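Below are some comments on how the two chains meet. They are in numbered points, for reading alongside the coordinates.

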Amino acid sequence: MEDYQEYIESGRLEQYALGELDPAGQAEVEAWAARSPQVRQELDELLAGLGVYAEAHAVAPPAGLRERVLPRVLAEIGGAPAAAPVAAAATTAPVPTMRVSASNPRPAEAYPVAPEASRRNGWAIAASVALLLSLAANALFYSRWQQASTDLVAAQNSQARFAQTSQVMERRLSSTQEQLHVLRSPQEYKMVALAGTPAHTSAHARVLYNGASHHVYLDVQQLPTLPAGKQYQLWALDKGKPVDAGVLAANTAAGDSLQQMKDIASAQAFAMTVEPTGGSAGPTLATMTVIGNM
Amino acid sequence: MSDLPLISTPPAAEAALVERLRAGDQSAMTEFYDRYSAALYGVINRIVKDEEEAADVLQEALVKIWHSMAGYDNTKGRLFTWVVNISRNLAIDKIRSRQHRVGSRTQGLDDSLAAQRQAAPDAFRPEHVGLQEITSKLVPEQRQVIDLLYFGGFTQSEAAEELNLPLGTVKTRARTALKILAKLIR
């Protein structure tokens, strides 16, 4: 009977995602998410959104950061249970050595036979020598193994870094290619120049319109800076009727890149107005900044 | 536009790394560092705004992550979400403890919106690999709210007070912004 929609609107999920809640509050949100798939989905989206935001702020760390931070971290965690695998390797290594001598039953059997002390000494010396040799060999192999595994880790890391860089580059490249394709296909994309209205003579933009696929791209040359709370919105005029073609992102309005707008089925002209952030259902004609006919 | 590198790490690879960290495998920490440090450092540095201090917090965060690994529950979210929260909390504690907050809060933020507007046109900043893509999806008002909440350590009510906005507006902006961001990795 609980209203999940109301819970979603309450802002608790955002608080959870942003880490504002005390343990009781966290438990409450988790309980909701467990009961309601809608809440779960909303929460996952919020968490993923924050993740994207955080990741977008990744910076190339200053030179020497890795050399400075990583060894200290490894040293700090070295004392804890973390040391287990290395310590285990070190202690298990000599174990076979012990067995080499211990597995020979004779020294043990010889023990109770008192008169054979000299023979026992002989065995003990032989065992010690075998132990020493084996220890030396183990130490050598251990250090080589360590070296090899360090090398491997280093190689894997640099590979991971390359993979990350190339992913970023690929994404950037594909977006550039898309823009280039639009600009270089005059037969597919019709260019519509939007000139400034008398109030904004310096404003210029152009629309690239594909009549077949109905895709619309916008390329801004120059637009006046907007006050806070306002955003440019593009309209297609179809038989005199304005159709919403989407709002301009900040960097599109600044002229940084092309933006794909909403698809438009048919239009004879395009125009741009200034609307409250988020856009309006209908254009505020008094704020028309640019307009152009096809 | 489908994927950012960390969020999109295949769950299997992530689970394997978690397994090794839990098992106390130190080489896993080196791998973890190489995968996640740029993102964690970016967030930390953005909060503490000091490279030296950011390096210290990063170190602290990595040690804490190592020791808290047992408490990570992958049913509650991705590894990245969890570790970035640990780092973020340590960084916010840091700025709170140095009582830096009162000062930077009243000074730095009034002009932050203007600063963001001006920052938008300089196109290519290679150190911010994904930032430009992200910012282009948000209007400055949304970004301002998210920045306060995420990097300033403000609660939603504090942010509302700071920005002189109704609490409901802050909530809506935060939620809309996060949902826009979430769409980027679909």
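1. The interface in this predicted model brings 68 residues of chain B into contact with 58 residues of chain A. On the chain B side, the elements that give two or more residues are helix 2 (26–48), helix 3 (51–68), helix 4 (79–97), helix 7 (131–135), helix 8 (140–150) and helix 10 (167–183). Helix 2 of chain B gives the most, with 16 residues.

2. As to composition, the side of chain B that touches chain A holds 36 nonpolar residues, 19 polar ones and 13 charged ones.

3. Chain A contributes A:Leu47, A:Gly51 and A:Ala54 to the contact, and chain B contributes B:Phe80, B:Thr81 and B:Val84.

4. B:Met29 is a residue of helix 2 of chain B. It counts as buried because it has 23 C-beta neighbours inside 10 Å, where 20 or more are required.

5. Leaving aside residues up to four places away in sequence, B:Met29 touches A:Val73, A:Leu74 and A:Ile77 in chain A, and B:Leu21 and B:Trp66 in chain B. Between B:Met29 and B:Val18, which are 11 residues apart along the chain, the C-alpha separation is 9.9 Å.

How values were computed
Residues are numbered from 1 along each chain as its sequence is written. Chains are lettered from A and ligands numbered from 1 in the order in which they are written. This is a predicted model: local features need pLDDT of at least 70, side-chain atom pairs count only at pLDDT 80 or more; totals for chains, interfaces and linings use all residues. Two residues are in contact if their C-beta atoms, placed from the backbone, lie within 7 Å. Helices (H or I, at least four residues) and strands (E, at least two) are DSSP runs, numbered from the N terminus. Ala, Val, Leu, Ile, Met, Phe, Trp, Tyr, Cys and Pro count as nonpolar, Asp, Glu, Lys and Arg as charged, and the others, Gly among them, as polar. A residue is buried if 20 or more other C-beta atoms lie within 10 Å of its own, exposed if 12 or fewer, and partly exposed in between; C-beta atoms are placed from the backbone.
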